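Here are my notes on this model, as numbered points. Please read them with the structure open.

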Amino acid sequence: MSDTVTPDVETPADAPPFCYLVVHEACANVLGVFAAQVAHAAQEAVRTLPVDSRTAICVLSCRSSSELEALSTKLTEVGIDHCLNREPDAPWNGAATTLCTTPGSKDVQKPFFTQFKLLRK
């Protein structure tokens, strides 16, 4: 992207890749649904192989699909690669359920995720 704007941060060259995964809190109410949504999001975010074995992931939660859609818009604007997933089946009927960034710089990605809380049971 030629219009990429990223926060002014310096990441050490040897820093491990990092992913942020945000899941709609309604998906966390049923363990099987949660597991499927998170697995799907992580799988979709992997764009190149092999994945660095040091890759870390932080699972966060949000309250609405609109939060995921707004986050996706911001990430697209600044050139942070990610995948926004929508669940076609009821009761979600096409609503955004997860968003996961591709493995990248934690320092570059972190400012966009500070408003989300760690997923808790």
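1. Two strands count as paired if DSSP finds at least two bridges between them. The model is predicted. In it, β1 and β2 run parallel, joined by seven bridges. L21 faces V59 of β2 across this pairing. Between the two strands the chain passes through helix α1 (residues 31-45), and this β-α-β crossover is right-handed.

2. β1 also pairs with β4. Here the sense is antiparallel, over three bridges. L21 has its bridge partner in β4 at C100.

3. Is β1 buried or exposed? Seven of its seven residues are buried, so the strand is largely enclosed by the rest of the structure. Side chains in a regular strand alternate between the two faces of the sheet. Both faces of β1 are covered. F18, Y20, V22 and H24 are buried on one side, and C19, L21 and V23 on the other.

4. Helix α2 covers residues 65-78. Its 14 residues should span 20 Å at 1.5 Å a residue, and the end C-alpha atoms are 20 Å apart, so the two values agree.

5. Which residues of α2 are buried? They are S65, L68, L71, S72, L75 and V78. Viewed down the helix axis, the buried residues fall within an arc of 150°, so they line one face of α2. Their cover includes the strands β1 (18-24), β2 (56-62), β3 (82-87) and β4 (95-101). Just after the helix, G79 has a positive phi of about 85°.

6. How many salt bridges does the structure hold? There are three. One joins the side chains of R47 and D81, at 2.9 Å from N to O. R47 sits in the loop between α1 and β2, and D81 in the loop between α2 and β3, so the pair ties together parts 34 residues apart in sequence. R47 is partly exposed, at 43% relative accessibility. D81 is partly exposed too, at 37%.

7. R86 and E69 form another salt bridge, with their closest N and O atoms 3.0 Å apart. This pair links distant parts of the chain: R86 belongs to strand β3 and E69 to helix α2, 17 residues apart. R86 is partly exposed, with a relative accessible area of 43%. For E69 the value is 31%, again partly exposed.

8. D52 and R54 make a salt bridge as well, with the closest N and O atoms 3.0 Å apart. D52 counts as partly exposed at 30% relative accessibility. R54 counts as partly exposed at 43%.

Methods:
Residues numbered from 1 in each chain as written. Predicted model: local features only at pLDDT ≥ 70, side-chain atom pairs only at ≥ 80, totals over all residues. Heavy atoms only, no water. Helix = DSSP H or I, 4+ residues; strand = E, 2+ residues; numbered from the N terminus. Expected span 1.5 Å × (residues − 1). Buried < 20%, exposed > 50% of the residue type's maximum accessible area, 1.4 Å probe, protein only. Arc of directions from axis to C-beta. Contact = heavy atoms within 4.5 Å. Right-handed = clockwise from strand over helix to strand, strands pointing away. Salt bridge = Lys/Arg side-chain N within 4 Å of Asp/Glu carboxyl O.
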